[in-house]
Amino acid sequence: MNQMKDLSLHILDIVQNSIRAKSTLIGIEINEQPNENQLIITITDNGTGMSPEQLQSAIDPFYTSRTTRKVGLGLSLFKQNAEMTGGSFELESEYGKGTKVTAVFGLNHIDRPVMGDLVGTLLILICSSEGTDYVFKHITPTGEFELDTREVRQTLEDVPISHPDVRIFIQEMLRENLEQIKISE
Amino acid sequence: MNKIKSLADLKKLQSEVQSKIKLRENSESPENLVQIKVSMATCGIASGAKDTMNYLIEELDHQGVDAVVTQTGCMGYCYAEPTIELTIPGKAPVVYGFVNKTKALEIIEKHIKLNEMVDGIIPVAYSTIDNK
């Protein structure tokens with residue numbers, strides 16, 4: 001049985017919040033700074049945002065805006081994992097404008113979860129969520145890779161981004177580019 | 001070193017795929033396709049919904065089954081994650097629980113291809129906190 005033990009799973013999970021908040025554009029940025037021993041994950045969206053009251057309760061594991069269950073663990077698990085590695089966590093949101101989640105991890109900290117299958121996470125987000133665009137950026141000391149799905153859609157014209165051949169292409173493109181900039185495990 | 005794929009390469013693929021799509025366009029419309037929704041909230045993700053979803057997409061494509069696989073939120077069956085909702089055209093949707101790769105393959109082989117339901121269906125009568 002899997003658990004929430006990869007950073008890529010956290011990213012997939014936090015982005016689901018943005019999707020539920022009706023975001024049309026979601027930014028995912030991973031910034032590795034070995035000199036400062038930091039790995040910073042930032043997720044921004046242009047969704048509905050939260051009221052100050054909601055913002056205050058958002059990291060409470062017993063708060064959720066869902067009606068199907070009574071717990072909401074996503075943000076609190078993310079925060080806990082970041083803080084466990086000597087990092088920090090910040091949540092900013094404005095009603096009607098959007099939300100920004102920033103989690104700083106200790107890059108070399110023994111408790112830092114591994115990156116995991118980042119390509120698999122991005123594939124699900126990019127190829128299987130209609131009506132949402134992503135700007136993904138990964139920065140390492142070796143270089144940086146950015147993918148804007150609005151550009152991908154423009155290139156594809158009327159070919160759907162979920163088409164199997166397109167999916168395989170994007171999978172390879174992500175893998176090759178992330179290997180090129182030598183992302184951390 | 002091999003050249004890394006870029007958007008320029010995607011443009012080439014786009015024209016190839018476009019001609020393939022045109023050939024098939026007349027025979028199928030989306031409402032006649034099998035639809036699968038994978039529950040992708042914290043509960044699902046922590047139980048392996050990501051692997052289940054990628055497996056379903058790849059296996060259905062590999063077997064040549066035309067299906068639409070999308071993600072959805074928590075359906076309230078957190079105890080049974082990963083869960084999927086399967087809709088065969090013209091039939092009522094069915095929710096399966098504990099769908100790992102083995103179960104997913106069984107569902108493809110039996111329910112989708114032969115229209116025989118398999119074990120693991122969450123009863124419609126199950127009520128979430130929403131309607132209690």
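User: How many helices and strands does chain B have?
Analyst: This is a predicted model, in which local features need pLDDT of at least 70, side-chain atom pairs count only at pLDDT 80 or more, and totals for chains, interfaces and linings use all residues. Residues are numbered from 1 along each chain as its sequence is written, and chains are lettered from A and ligands numbered from 1 in the order in which they are written. Helices (H or I, at least four residues) and strands (E, at least two) are DSSP runs, numbered from the N terminus. From the N terminus on, chain B reads α-β-α-α-β-β-β-α, with four helices and four strands.

User: Which element gives the most to the side of chain B that touches chain A?
Analyst: Residues are in contact if their C-beta atoms, placed from the backbone, lie within 7 Å. The contact takes 38 residues from chain A and 32 residues from chain B. On the chain B side, α1 (7–24), α2 (42–46), α3 (49–62) and β2 (67–72) each supply at least two residues. The most, eight residues, come from α1(B).

User: Which residues does I45(B) touch, not counting residues up to four places away in sequence?
Analyst: I45(B) touches two residues of its chain, M40(B) and K50(B). From chain A, I45(B) touches M4(A), L9(A), L12(A) and D13(A).

User: What percentage of the 132 residues of chain B count as buried?
Analyst: A residue is buried if 20 or more other C-beta atoms lie within 10 Å of its own, exposed if 12 or fewer, and partly exposed in between, with C-beta atoms placed from the backbone. For the 132 residues of chain B, the buried share is 30%.
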